[in-house]
Amino acid sequence: MTDPVSYSIHGHVAVLRINNPPVNALSQAVRQGLADGMDRAEADTAVKAVLVVGEGRAFIAGADITEFGKPPMEPNLPDLCTRIENSPLLVIASMHGVTLGGGLEVALGAHYRIAQPSARLGLPEVHLGLLPGAGGTQRLPRLTGSDKAIEIMISGRQIKAAEALEMGVLDKVEEGDPQVIGLAYATELLSSGATRRAVSELPAPDAIDWEAAHEGALKKGRGQINTGVIVRAVQAASELPFMDGMARERALFADLLKSDQSKGMIHAFFNERAVSNLHELKGVTPRALNAIGVIGGGTMGAGIATAALLAKLNVVLIETGQEQADAARGRIEGNLQGALKRGKINQPQYDALTTEALTVAIDYASLGDVDLVIEAVFEDMAVKKEVFAKLDAACKAGAILASNTSYLDIDEIAAATSRPADVIGLHFFSPAHVMKLLEVVVADKTAADVVTTGFDLGKRLGKIAVRAGVCDGFIGNRILAVYRTAADHMVLDGASPYQIDRALTGFGFAMGPFAVADLAGLDIGWMTRKRKAAGRHADERVPTYIDRLCEQGHFGRKTGEGYYLYEAGSRASVPNPKIPELIATEQADLNITPRDFTDQEIVRRYMCAMVNEAAKVVEEGIARRPADVDMVLLFGYGFPRYSGGPLKWADLQGLADVLADIERYAQEDAWFWQPAGLLKTLVAEGRSFDDLNRAGGK
């Protein structure tokens with residue numbers, strides 16, 4: 001077995017080469033290897049400098065995630081960074097690829113830093129609910145100043161080498177093999193008589209307005225506490241001697257590590273990767289995928305086409321007429337112009353995508369060579385079946401036929417074709433070229449290689465792909481319908497839509513449910529209520545006050561009027577004065593006496609409804625694991641990442657307490673608040689949803 005850190009001598013320079021594939025994570029063996037290498041170099045009187053480099057595609061991409069949650073093992077990373085920095089030898093870090101988290105903290109422990117122009121550096125611990133805990137909050141501000149260091153750490157962004165050089169994080173940027181340019185730089189430093197330059201010995205960063213910085217960080221974090229704690233750690237770097245600042249950093253890190261927010265974010269970090277790894281698909285080869293078709297060029301279809309083009313797939317988009325086709329092309333070009341402005345593509349790439357990779361047509365015969373086609377037309381079963389019958393006739397044998405339906409039965413759609421094994425649901429979220437979630441909906445007859453291809457497409461598009469079974473709304477929209485109904489019930493009982501929106505954005509949602517409804521279009525819920533009316537149970541409470549607005553042609557943001565009023569071209573909104581009147585009329589018709597709700601009660605009822613339905617979704621196998629539900633809600637529905645998802649939130653709250661509240665609510669409305677059998681079982685057995693994740697499901 002190859003040593004994770006190799007040692008070699010090149011003149012007066014000892015080279016410590018990290019080789020821990022795939023990204024040189026800082027495992028215990030790597031940390032020990034670096035410490036042993038430093039000891040060995042210092043024991044050799046001929047060695048004057050140490051060069052640290054990485055094998056493969058990265059210098060060090062951060063901590064070893066397999067050690068998360070386990071007892072710490074010596075040498076710990078803060079001590080290793082200090083050990084490197086305290087060496088009497090010159091220590092140089094030569095970086096390529098990514099240098100992230102603990103990797104950058106190791107580099108900050110070195111005395112000099114050189115990197116390739118393509119290298120990227122960052123401290124992304126903010127995304128785990130933590131702060132850099134191995135000296136990052138103490139050393140980085142001494143190089144960049146407090147403001148820059150705070151911005152880097154609370155954003156968690158990756159910094160390009162040129163910017164890092166300008167900020168003083170790097171000393172030199174040079175093209176070439178990391179070891180070759182590193183050795184040349186070490187030789188240059190030794191020849192010039194350069195001495196140790198420990199970052200910890202540099203002047204402390206200047207003071208800033210710490211209270212304003214703390215308030216600003218918390219505002220950017222939108223309820224995420226570690227952004228503010230990062231500011232306090234940098235404040236310690238400014239106000240305390242270095243070693244006292246290090247102790248303060250470790251204490252703050254330890255507090256964050258014990259917090260529910262960190263637990264939630266670490267849960268999200270692990271599971272956004274895990275949900276796409278399905279045991280039953282191991283060894284199943286996906287079908288070839290070079291060109292895709294898209295049916296419908298509205299906002300959703302254009303977004304799907306844009307995502308595919310950016311993933312270097314050829315796209316054939318079909319519209320109903322030339323005017324519609326021209327409008328669809330305009331939407332796609334507009335999306336791609338946004339990518340051009342953000343630097344995701346350059347002008348020649350834009351030109352190639354719009355002139356060579358994209359075809360917009362009005363006849364299904366143009367789909368003859370595509371490998372997969374995604375239907376994104378009006379949410380009506382008769383329309384979907386008509387489209388799939390045409391696709392069945394036009395597409396080549398082996399082409400996959402996918403529906404982007406949000407709610408409808410994929411089995412019924414598949415039955416409209418002669419090839420149900422080739423039919424699958426691929427439920428994108430709007431805007432499809434931006435939103436990260438993709439629900440891969442597996443019908444009864446969907447072939448395994450079609451499922452694998454769906455996940456392969458998700459990966460190529462940069463999506464978090466989650467397997468879902470067939471039911472009304474699949475995972476996300478089925479749960480959404482229930483927790484949105486809980487909000488509607490609270491409105492009828494006395495809470496205003498605007499108080500509910502405020503309470504839930506205060507909890508951490510990006511938007512409240514009524515603002516979301518306006519954004520999505522009130523006509524969607526209106527159509528769904530009409531579609532479900534025939535099979536509705538007599539005890540089901542279905543508020544219809546908002547249907548009166550829809551009947552007048554008001555559908556939310558796209559028409560300028562919904563729960564809120566919107567000025568033309570503006571996202572700013574004010575409450576619609578018609579809404580309280582419509583609610584009051586329905587309350588009177590139903591003989592409801594409105595009561596007051598606290599924000600805390602609003603959040604609790606909303607969350608309990610979400611958890612209860614999510615438990616039923618897992619119990620029925622629509623979602624294979626609780627983590628699947630969590631990732632759907634995180635990446636598709638604006639659930640705050642620091643809570644980990646609704647079922648992680650329930651675990652952290654205590655399942656017994658959640659169940660007790662649901663049972664109490666059921667005394668008011670037994671039909672709506674029927675406790676999930678799975679939830680009752682877990683409470684009776686003293687188990688958690690996380691226990692099911694570790695077991696791979698139920």
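Which strands do the buried residues of α17 pack against? To find out, start with the model itself. This is a predicted model, in which local features need pLDDT of at least 70 and side-chain atom pairs count only at pLDDT 80 or more, while totals for chains, interfaces and linings use all residues. Residues are numbered from 1 along each chain as its sequence is written, and side-chain values use heavy atoms, with hydrogens and water left out.

**Stop 1: helix α17**

Select residues 448–460, which form helix α17. Helices (H or I, at least four residues) and strands (E, at least two) are DSSP runs, numbered from the N terminus. Helix α17 has 13 residues and reaches 18 Å from its first C-alpha to its last, close to the 18 Å expected at 1.5 Å a residue; the expected span is 1.5 Å times one less than the number of residues.

Now colour Val450, Val451, Thr452, Thr453, Gly454, Phe455, Leu457 and Gly458, the buried residues of α17. Buried means under 20% relative accessible area, exposed over 50%, and partly exposed in between (1.4 Å probe, protein chains only). The buried residues of α17 pack against β13 (372–375), β14 (400–403), β15 (423–428), β16 (437–441) and β17 (464–468). Contact means heavy atoms within 4.5 Å. Just after α17, select glycine 462, which takes a positive phi of about 75°.

**Stop 2: helices α18 and α23**

Select residues 476–493 (α18) and 578–589 (α23). The two helices pack at an angle of about 80°, with their axes 9 Å apart. Axes are lines fitted to C-alpha atoms, for helices over the stretch in contact, and angles run from 0 to 180 degrees between N-to-C directions. Helices α18 and α23 are therefore roughly perpendicular to each other, a term for angles of 65 to 115 degrees. Show Val491, Leu492 and Asp493 in α18, which meet Ile583, Glu586 and Gln587 in α23.

**Stop 3: isoleucine 546**

Go to helix α22 (residues 545–551) and pick isoleucine 546. Is isoleucine 546 buried or exposed? At 5% relative accessibility, isoleucine 546 counts as buried. Leaving aside its neighbours within four places in sequence, isoleucine 546 is in contact with Leu522, Arg529, Tyr563 and Ile579. Draw a C-alpha to C-alpha distance from isoleucine 546 to glutamate 586: the two are 40 residues apart in sequence and 10.0 Å apart in space.

**Stop 4: helices α24 and α26**

Finally, select residues 599–619 (α24) and 646–653 (α26), whose axes come within 9 Å and cross at roughly 115°. Helices α24 and α26 are therefore roughly perpendicular to each other.

Terms used: Angles under 35 degrees count as roughly parallel, over 145 as roughly antiparallel, 65 to 115 as roughly perpendicular and the rest as oblique.
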